[in-house]
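Hi there,

Here is the structure I promised to pass on.

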Amino acid sequence: MAEPDPDTISSGAGQRLGAPETLGISTLDPGHRPPAMPPGRHVTIRVRMLDDTEELFDISQKASGKVLFDLVCSHMNLIEGDYFGLEFQNQQKMMVWLDHIKPIIKQLRRPKHTILRFSVKFFPPDHAQLLEELTRYLFALQIKQDLYCGRLTCNDTSAALMVSYIIQSEIGDFEESQCRSHLLNNNYIPDQMPLIDKIMEFHSKNIGQTPAESDYHLLEVARRLEMYGIRLHPAKDREGTKLSLTVAHTGVLVFQGHTKINAFNWSKVRKLSFKRKRFLIKLRPDLNSSYQDTLEFLMPSRDCCKVFWKICVEYHAFFRLFEEPKPKPKPVLFSRGSSFRFSGRTQKQVIEYVKESEFKKIPFERKHSRVQYSSRVQHNSRLSPLPSPSHREVPTDSGAPGDRIDSPRRHWKESVLVSAEDPAASRARMSPSHQRNGHEERTGSVSRTEETRSPTRQTHPEHLNTGVVSNSPHLSASSGHSHGMVNGQKSLELCSHSPDGRLPSPLTSPLLNDACSVRTDDEDEVRRKRFPTDRAYFIAKELLTTERTYVKDLEVVTVSFQSAVGQDEATPDSLKDAIFSTFEPLHKFHTGFLREVEQRLALWEGRSNAHIKGDYQRIGDVLLKNLQGLKPLTANLSKQSEILLELEKVCKASRRLEGLCRDFELQKVCYIPLNVFILRPLHRLIHYKQILERLCKHYPATHVDFRDCRAALADVSEVVDQLQGSLIKMENLQKLLELKKDLIGVDNLVVPGREFIRLGCLSKLSGKGLQQRMFFLFNDVILYTSRGMTATNQFKVHGQLPLHGMTIRESEDEWGVPHAFTLVGQRQSVVVAASSLVEMEKWMEDVKMAIEMAKTSNGPSSELLTSSLTDNKEPSPVSENKTPLVGPPSGQGPVPLSVICWYRVQSLSFSESCRSLENQLSGNLLRKFKNSNGWQKLWVVFTNFSLFFYKSHQDDYPLASLPLLGYSVTVPSESENIHKDYVFKLHFKSHVYYFRSESEYTFERWMEVIRSATVPSSRARGLNGKETRA
């Protein structure tokens, strides 16, 4: 390419969308003007812009496509031009992109009669990656074109919502007569007439939005659609089934009609090629997949193959590479293969360039793009980059400091947010109307059973496709929907409130049935009037509901485990004595205690023949009597760790017993890990202490129940204080034993002195770029692992970083990777990046704490890894569409927390894990139906970062579960039209659930315990006891 000539001025001068003057700012380096024209005859090229205006550019025939493209970008003062391209119809009547390297004369046979279209070429997954307002405006124009021509297909609600944003940016605020007239005279979507009323309804809700804000919301809705940025290329599979191929930022996609039936992530693709009319996708070898090594598609012609292959090469380079690939050296004699390569900046380079460039950007104000009626102020009909004192930026997400719980009676006035997300921004991205009628896509929800039953089924980390995905080598669409399974139960009709209408995955939503018992509003009001409203009553009722769950948990050990494992001859007597001598007396005692609590609550509620209620409206006397009776049974609880070690020892010695325990954990009754059930008696003592503290805080000193509650609190506090040190060590042991099952390549994870601190997802920087890895931090070593390369539900260890002698430093500026930091060990250094600034701070704080612990303690020094597991070669990153091997082949059993952290890119500390186990809560909740105003009554148990759903408290196993890691909990806003008291909302990305409690106290308690699972604690807790519980 020729050197830039400062005296050269674009001959294609003219007003671009209202631009005052071209300053020569393009995708070239800062301060450079477009390159000088090569000698030769000049031709006039016509380019049609995204607003359908046409511009003429005078250019040399020998100039490359890059020269013309830079002229167009310079003419528009466009900085982020690399997302765009020039397309035209070639001699074969195919739309192709102008090659930046080839001379124009070799691409345009009749340049005077060819019209090039300036269009979006690369669609990023998130429009927030577009840093310039002008770029977002051009993307909005592209969406408008795609809607009009029917390329961007969606349901009526999404289409009407997008059109409302378009006309808001064109004519401004809603006026009924003006809006209706405008829609009658202008078509934005095919068959627009039936949707005019819905469009006007949405438009009326956009009052006050600036054109820039409307563009932002338009792109937010569009990017969630399945056909966003999709350009279909017709093809057939080996059986002759008509399909379409397309390429996106994630990889190559396969469509049948307008339904995506398969996806091949870039990390799975080893090579893309074509031979005549055959397009070939060569995959990386994978023992867990039923795919053939090479997939073959038949396209209409060789030219079609080549065009699609080129755009695949460009998409891969733009989104996956750090910098522009270097040209291949020219062969001396013979050339083999195509010399085509991507030319231009990659997305990473574009983002860095815009952020770091020092040149002065041209300010402009987005104005309404249509002339207003006489009753309004006249605006320029085009985009104007002129300076404006009233310039407003597009709204962005901001952290919300809200950490309190507002009164539930005014929860439609203010939203309580329990995540780093602004409520206004959240509502802007998800309108209420969009929640009610989201875009319906053929994506289903399957549970872990269906995921693991067929290892060929592909899974996205957030949405799992079923019923329309066939991973056969022929890629034919399958028919029918599979029923998901959760803990061995069939998933019934799903009830998530999803703005885009997608059915959630088992890692994001409960699979519940609308056929469960439904309470009407009248029944609820009658019940409230009949039952007591005193806060002490609801505290006592919490004791009752959690005691019911605790007795069921004891039955898991004394009944289910006894029948499945304890009666087998392979089980040694030492294990039977250790477990059943502890749990059977506890089960007998708490069964009687539960009966007493139920009787007292029945008297309190007036559901008995007692006429004098006052004597029974208390619970302290029942607690005091039973806690004193429980005291002798707690003497051996400090030895629960011996049960854990004994169980581990005998399982290691007997394969048969190990298989029996593994099979038991797959049963539906074992909804959490078996080791957690063994620690339940210790956790229950903490629950008693918390309940008594709330009662003592509520009662005045003169209350008849205060003295008994205070005495019971003193008794249970004494026991808890004695067991506190042992409990922390046992929770650490339980966590190490759980992680041992999750890891492959660890010989001796459970050794004296080792402490677990944190696990979570980080991106490790390697020669192949940033790759997702799961990191495990202990007090002496850091392990990093990956998933997807094994046939089990485990993480494969790739390396270890001893903490002795390690240092840590921030390295975002050094590597240009956001939230990056470097772990510098004695033998190797690793650069990793967190998903957010908060995650980076948590990891750096915990690693620094662990390094200090390693300096002062004589912890374990043994090597963890076998010699066969070294990190000489990094495997390819795990595909987003890899079948998640969640659980053993039967697909039952609890989902490990490490797996949930992997899919949701979260981290989890030891203190957070302990807090979730100790903050258990049970009770009835009403869950709102998706498409009606009805509410479904469910028995819900919170523990271990999950909600478990039952039809009633008498059920032995849950219908479904909802892991809460990554979720946010708020109260609904007024716009969501849920005018009920004590309602809270759970939402994660597009998944939304509404739950309703029976009183202000229970509302506060559910919010409190769910926050314990969704809001991370600020400090990790070490086993030395220096850190307090969060």
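Let me start with a question: is Cys761 buried or exposed? Cys761 counts as buried, because its relative accessibility is 4%. Please keep in mind throughout that this is a predicted model.

Cys761 is in no disulfide, and the nearest cysteine sulfur, at 7.4 Å, belongs to Cys901. Seen from the other end, the closest cysteine sulfur to that of Cys901 is the one in Cys761, and 7.4 Å is too far for a bond. The cut-off here is 2.5 Å between the two sulfur atoms. Cys901 also counts as buried, because its relative accessibility is 0%. For the structure, the disulfide count comes to zero.

**Nonpolar cores**

The largest nonpolar core has 102 residues, and the members that touch the most others are Leu68, Phe84, Phe118, Phe279 and Ile281. Helix α7 (residues 302-320) supplies the largest share of this core, with ten residues. Apart from it lies another core, made of 77 residues, including Ala540, Leu575, Leu692 and Leu737. As general background, nonpolar side chains in soluble globular proteins tend to be buried together.

Phe84 is worth a click in your viewer. Leaving aside neighbours within four places in sequence, its contacts include Leu50, Phe69, Leu78, Phe118 and Val120. Thr135, Leu138 and Phe139 are also among the residues in contact with Phe84.

Phe84 falls in strand β3, which spans residues 84-89. This strand belongs to an open sheet of five strands with mixed pairing, in the order β2-β1-β5-β3-β4. At the edges are β2 (54-60) and β4 (95-97), each of which pairs on one side only. On average, neighbouring strands of this sheet are turned by 35 degrees against each other, with direction ignored.

Within the sheet, β3 and β5 pair in the antiparallel sense over four bridges, and Glu87 stands opposite Arg117 in β5. Helix α1 (residues 65-76) packs on the sheet, where it touches β1 (42-48), β2, β3 and β5. The direction of helix α1 makes about 135 degrees with that of β2.

Strand β8 (residues 251-256) is largely enclosed by the rest of the structure, because five of its six residues are buried. On one side, strand β7 (residues 242-247) pairs with β8 in the antiparallel sense over four bridges. Leu245 stands opposite Val254 in β8, and the hairpin of β7 and β8 has three residues between the strands.

Strand β9 (residues 259-265) also runs antiparallel to β8, and six bridges join the two. Here Gln256 stands opposite Thr259 in β9. The hairpin of β8 and β9 has two residues between the strands, and Gly257 in the turn has a positive phi of about 70 degrees.

**A buried histidine**

His127 counts as buried, because its relative accessibility is 2%. Its side chain makes a polar contact with the side chain of Glu220, at 2.8 Å. Besides Glu220, and leaving aside neighbours within four places in sequence, His127 is in contact with Arg136, Tyr216, Leu219 and Arg223.

Best wishes

Notes:
Residues are numbered from 1 along each chain as its sequence is written. This is a predicted model: local features need pLDDT of at least 70, side-chain atom pairs count only at pLDDT 80 or more; totals for chains, interfaces and linings use all residues. Side-chain values use heavy atoms; hydrogens and water are left out. A nonpolar core is a set of buried Ala, Val, Leu, Ile, Met, Phe, Trp, Tyr and Cys residues joined through side-chain atoms within 4.5 Å. Buried means under 20% relative accessible area, exposed over 50%, partly exposed in between (1.4 Å probe, protein chains only). Contact means heavy atoms within 4.5 Å. A polar contact is a pair of N or O atoms within 3.5 Å; within protein, one must be able to donate a hydrogen and the other to accept it, and residues adjacent in sequence count only if both atoms are side-chain atoms. Two strands pair if DSSP finds at least two bridges between them. Axes are lines fitted to C-alpha atoms, for helices over the stretch in contact, and angles run from 0 to 180 degrees between N-to-C directions.
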